[in-house]
Amino acid sequence: MNTETAYIEKLGLRPHPEGGYYRQLYGNDEKGKKNISTIYYMLTANDISAFHRLHNVVEIWYFHAGAPLNIYVIDPDGELAIHTLSTEVEMQAVIMPEQWFAAEIPSKQGFCLVGCAVGPAFSFENFELAKKSELAKQYPQHKELIERLCKD
């Protein structure tokens, strides 16, 4: 598999509200709450993972295949960290609870497939998509990045 279409079909990925494609492999389901969940997540060339945060949840991203991916993380104090996931730089990044984060393929070419482990298990109850105007007001030093990587 070397194209985004092949990965989407083979892995059964579907559109994610923050952008890109995903499929939960293990986690919360009709059988109850789990302590961890695992997710395939993919961005294509012009997709973004819009700024969002998870409450009371740690998320670890693991690089699997494709183009390098930048993850932008703003901690509650306003400090910005950029993690580049690829075989050449970092192959995993940890996002702590309450950190705002977004991702994109900086080259705007190809795709990137990652895996995410989330603990406690992912639930949309713990997911918050950023509002561009509110996040830019809170962190004006990152306004350009926020405007580029927010959906609203």
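## His 83 and its surroundings

His 83 touches Leu 69, Asn 70, Ile 71, Val 73, Glu 90 and Ala 93, with residues up to four places away in sequence left out of the count; contact here means heavy atoms within 4.5 Å. This is a predicted model, in which local features need pLDDT of at least 70 and side-chain atom pairs count only at pLDDT 80 or more, while totals for chains, interfaces and linings use all residues. Residues are numbered from 1 along each chain as its sequence is written, and side-chain values use heavy atoms, with hydrogens and water left out.

You will find His 83 in strand E7, which covers residues 80-85; helices (H or I, at least four residues) and strands (E, at least two) are DSSP runs, numbered from the N terminus. His 83 has a relative accessible area of 19%, so the residue is buried. The scale calls a residue buried under 20% relative accessible area, exposed over 50% and partly exposed in between, using a 1.4 Å probe and protein chains only. The side chain of His 83 also makes a polar contact with the side chain of Glu 90, at 3.1 Å. Such a contact is a pair of N or O atoms within 3.5 Å; within protein, one must be able to donate a hydrogen and the other to accept it, and residues adjacent in sequence count only if both atoms are side-chain atoms.

## The open sheet

Strand E7 belongs to an open sheet of five strands, in the order E7-E6-E9-E4-E11, with antiparallel pairing. Two strands pair if DSSP finds at least two bridges between them. The edges are taken by E7 and strand E11 (127-129), each with a single partner strand, so one side of each has no neighbour in the sheet. From one strand to the next, the twist averages 25°, with axes drawn as lines fitted to C-alpha atoms (for helices over the stretch in contact) and angles running from 0 to 180 degrees between N-to-C directions.

Leu 69 has Leu 85 as its bridge partner in E7. E6 and E7 make a hairpin with five residues between them, and Gly 78 in the turn has a positive phi of about 95°.

Strand E1 (residues 14-15) is joined to E2 by two bridges in the antiparallel sense, and Arg 14 has Tyr 22 as its bridge partner in E2. The hairpin of E1 and E2 has five residues between the strands, with Gly 19 at a positive phi near 115°. E2 goes on to pair with E3, antiparallel over five bridges; in this pairing Arg 23 stands opposite Tyr 40 in E3.

Tyr 21 lies in strand E2 (residues 21-26) and, at 24% relative accessibility, counts as partly exposed. Its contacts beyond four places in sequence include Ile 8, Leu 13, Pro 15, Tyr 40, Tyr 41 and Asp 47. Ile 8 and Tyr 21 are 13 residues apart in sequence, and their C-alpha atoms are 7.6 Å apart.

## Leu 43 in strand E3

Leu 43 sits in strand E3 (residues 37-44) and is buried, with a relative accessible area of 1%. Setting aside neighbours within four places in sequence, Leu 43 is in contact with residues including Gly 19, Ile 48, Leu 69, Ile 105 and Phe 111. Phe 111 is 68 residues away from Leu 43 in sequence, yet 5.6 Å separates the two C-alpha to C-alpha.

## Aromatic pairs

Rings of Phe, Tyr and Trp (its six-membered ring) pair if their centres lie within 6.5 Å; planes under 30 degrees apart count as stacked, over 60 as edge-to-face and the rest as tilted. The count by this rule is six aromatic pairs. One of them is edge-to-face: the rings of Tyr 41 and Trp 61 have centres 5.6 Å apart and planes at 70°. Tyr 41 lies in strand E3 and Trp 61 in strand E5 (residues 58-66), so the pair ties together parts that are 20 residues apart in sequence. Both Tyr 41 and Trp 61 are buried. Phe 122 and Phe 124 also pair edge-to-face, with ring centres 4.9 Å apart and planes at 85°. Phe 122 is buried at 12% relative accessibility, whereas Phe 124 is partly exposed at 40%. Finally, Tyr 41, Trp 61 and Phe 101 form one aromatic cluster.
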